[in-house]
Amino acid sequence: MEFFIDTAIIDEVREINAWGVLSGVTTNPSLVASSGRDFKEVIQEIAGLVGGAISAEVTSLDSEGMIKEGREVAQWSEHVVVKLPLTPAGLQACKTLTSEGIKTNVTLCFSVPQALLAARAGATYISPFAGRVDDIGWDGVELIRQIKEAYVLGNIGTRVLAASIRHPTHVVQAALAGADVATIPYKVFTQMVKHPLTSAGLDAFLKDWAERAGASPETP
Ligand code: E4P
């Protein structure tokens with residue numbers, strides 16, 4: 001499973017990208033708004049840092065507006081993936097943009113029927129929102145698992161992008177459910193990398209090494 005980071009904060013992208021684990025970045029209108037930055041500038045700056053897929057979401061509600069916006073954002077960088085909401089207009093825009101060779105990420109997916117429709121419309125990625133499904137008392141990871149199973153059975157190439165990831169266990173569950181990609185917030189990356197036994201083990205290794213380095217060659 002590949003990792004994207006779910007953020008519009010450049011420092012967060014830079015830091016996690018330096019770990020060598022990122023294949024892409026997802027943004028949404030809320031994330032871009034909270035960054036306080038210009039949309040185009042943020043996307044282009046991210047594209048300059050990360051070579052993989054960079055999702056940039058349209059905000060029009062009608063298909064014509066989405067197509068116009070999609071064509072525009074797709075020109076900002078060869079890495080841009082146009083993010084479209086899972087609505088009738090979004091599906092229509094997905095079909096048109098896909099036919100023009102533009103990559104798409106159909107977002108706000110909360111059911112398998114929606115995911116099947118997005119695949120038919122040619123979506124490059126489908127984004128089921130695990131955390132938000134959990135929030136209403138359903139099972140977000142089971143949704144990911146069912147979408148993946150339906151895609152495999154139907155020989156569908158649309159990639160399953162597990163979104164709305166809230167904690168490291170979600171990442172593990174998404175991987176085991178067959179997600180192709182998980183888009184992960186910065187905080188969850190920092191939680192994933194830490195383990196108390198890693199810190200304790202490293203402290204002990206360095207303490208032993210310092211004692212050894214301080215010893216004379218004759219010391220047994
Ligand atoms: C996906 O692309 C979305 O940006 C994101 O994962 C939504 O997550 P949230 O439910 O934590 O806002």
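1. Residues are counted from 1 along each chain in the order in which its sequence is written. Because the model is predicted, local features need pLDDT of at least 70 and side-chain atom pairs count only at pLDDT 80 or more, while totals for chains, interfaces and linings use all residues.

2. Helix 8 covers residues 140-153, and its 14 residues reach 20 Å from the first C-alpha to the last, close to the 20 Å expected at 1.5 Å a residue. (Helices are DSSP runs of H or I with at least four residues, strands are runs of E with at least two, and both are numbered from the N terminus; the expected span is 1.5 Å times one less than the number of residues.)

3. Which residues of helix 8 are buried? They are Gly-140, Val-141, Leu-143, Ile-144, Ile-147, Lys-148 and Tyr-151, where buried means that 20 or more other C-beta atoms, placed from the backbone, lie within 10 Å of the residue's own. These residues lie on the same side of helix 8 because they cover an arc of only 155 degrees around the axis, the arc being that of the directions from the helix axis to the C-beta atoms.

4. The buried residues of helix 8 pack against several elements, including helix 6 (112-120), strand 7 (159-162) and helix 9 (168-176), with contact meaning C-beta atoms within 7 Å. After helix 8 comes Asn-155, which has a positive phi near 55 degrees.

5. In helix 9, His-170, Val-171, Gln-173 and Ala-174 are buried, and the buried residues of this helix pack against helix 8 and helix 10 (186-193), among others.

Conventions:
Buried ≥ 20, exposed ≤ 12 C-beta atoms within 10 Å, placed from the backbone. Contact = placed C-beta atoms within 7 Å.
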